[in-house]
Amino acid sequence: MDKKFSGVSQLMSRFRGWIQAGAALLTNLHLPNFIKGGLYQGKGKTVCVPGLNCYSCPAASGACPIGAFQAVAGSSRFRFSYYVTGFLILLGVLLGRFICGFLCPFGWFQELLHKIPSPKLSTKRLKPLRYVKYAVLLLTILLPVLVTNELGMGDPIFCKYLCPQGILEGAIPLALVNTGIRSALGALFTWKAAVLAAVILLSVLFWRPFCKWLCPLGAFYALFNRVSLFQMQVNSHRCVSCGKCANVCPMDVDITQNANHAECIRCGRCIKACPAEAICYRYDF
């Protein structure tokens, strides 16, 4: 195994938390807006960010790709967003679910919640639930187009009813400082608050449950994991078959059996756990 790749892999896996924090900050640069109670409306909002990050977050630097896609698909003028789809395909080919493991603010938020002292539960027996996110992805794409009102406009179903990031980053901060928004809160806010509360509770008990079971963005990137230029590599000659990599994998993947499994978010825990240094990141064709 190339020593250069091995050294970089160890470094990236070791400082992943700091990289996640940096990515979350870059995605939400306009922090003073939390106090002002307004949204950043600059040109950056016309560009999508790679991870799940609400457009309505006061500090958001760009647009959420899922929200942007649904906004276009649900409009009366368009039924498909070539820009957002092309952007996501490009990211999928370049990085795959590396985005989930390193660049997604909501994924990092769930990991921070999981650090709260409590009993920790395994998801190994809940593997069938991982397929739910593909159904959510399909509904996210189809419902704004197929279910429309008399004006031909469809609701952004995922953003409106399911996305916990929207209420965490958008509705709650804006309501805290804006009396007009606070007075307009109703049943939908209550429902979304319940969804967020459930995700928070589950995140304390399980590792990244929203990513595993419900996130349509993670489902989309998962489709490209096997073909992305960013890959996991296992040196079979150095591997001692100790099983430590599978034991520490929070996504319930045995990397020695499938180095680029759709569920692998390239978090690097297997890299740190491998006593033979047989696992590393690799970026090439």
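The answer below begins with a group of rings and then turns to a helix and what covers it.

A: The model is predicted, so local features need pLDDT of at least 70 and side-chain atom pairs count only at pLDDT 80 or more, whereas totals for chains, interfaces and linings use all residues. Residues are numbered from 1 along each chain as its sequence is written, and side-chain values use heavy atoms, with hydrogens and water left out.

Rings of Phe, Tyr and Trp (for Trp, its six-membered ring) form a pair if their centres lie within 6.5 Å, and a pair is called stacked when the planes are under 30 degrees apart, edge-to-face when they are over 60 degrees apart, and tilted otherwise. By this rule the count comes to 13 aromatic pairs. One of them is the stacked pair of F98 and F102, with 4.4 Å from centre to centre and 15° between the planes. These two residues belong to helix α6 (residues 98-103), where they are 4 residues apart and therefore separated by about one helical turn; helices (H or I, at least four residues) and strands (E, at least two) are DSSP runs numbered from the N terminus. An α-helix has 3.6 residues a turn, so residues three or four places apart point the same way.

F98 and F102 are both buried, where buried means under 20% relative accessible area, exposed means over 50%, and partly exposed lies in between (1.4 Å probe, protein chains only). F98 also pairs with F230, this time in a tilted arrangement, with 4.6 Å between the centres and 40° between the planes. That pair joins distant parts of the chain, since F98 sits in helix α6 and F230 in strand β1 (residues 230-234), 132 residues apart. F230, like F98, is buried. Ring pairs tie F98, F102, F230, Y281 and Y283 together into a cluster.

A charge can also lie over a ring, which here means that NZ of Lys or CZ of Arg is within 6 Å of the ring centre and within 35 degrees of the ring normal. The charged end of R16 sits over the ring of F102, 6.0 Å from its centre, and the charged end of K45 sits over the ring of Y55, 4.0 Å from its centre.

Now turn to helix α4 (residues 65-73), whose buried residues are P65, I66, A68, F69, Q70 and A73. The cover over these residues includes α5 (82-95), α8 (132-146), α9 (157-162) and α14 (216-222). Two residues show this cover in detail. V84 is found in helix α5, and V84 counts as buried because its relative accessible area is 2%. Leaving out residues up to four places away in sequence, V84 touches C48, P65, A68 and F69, a contact being heavy atoms within 4.5 Å. V84 and C48 are 36 residues apart along the chain, and 7.4 Å separates their C-alpha atoms.

T140 has its place in helix α8, and T140 is buried because its relative accessibility is 4%. Apart from neighbours within four places in sequence, T140 is in contact with I66, Q70, F158 and P216.
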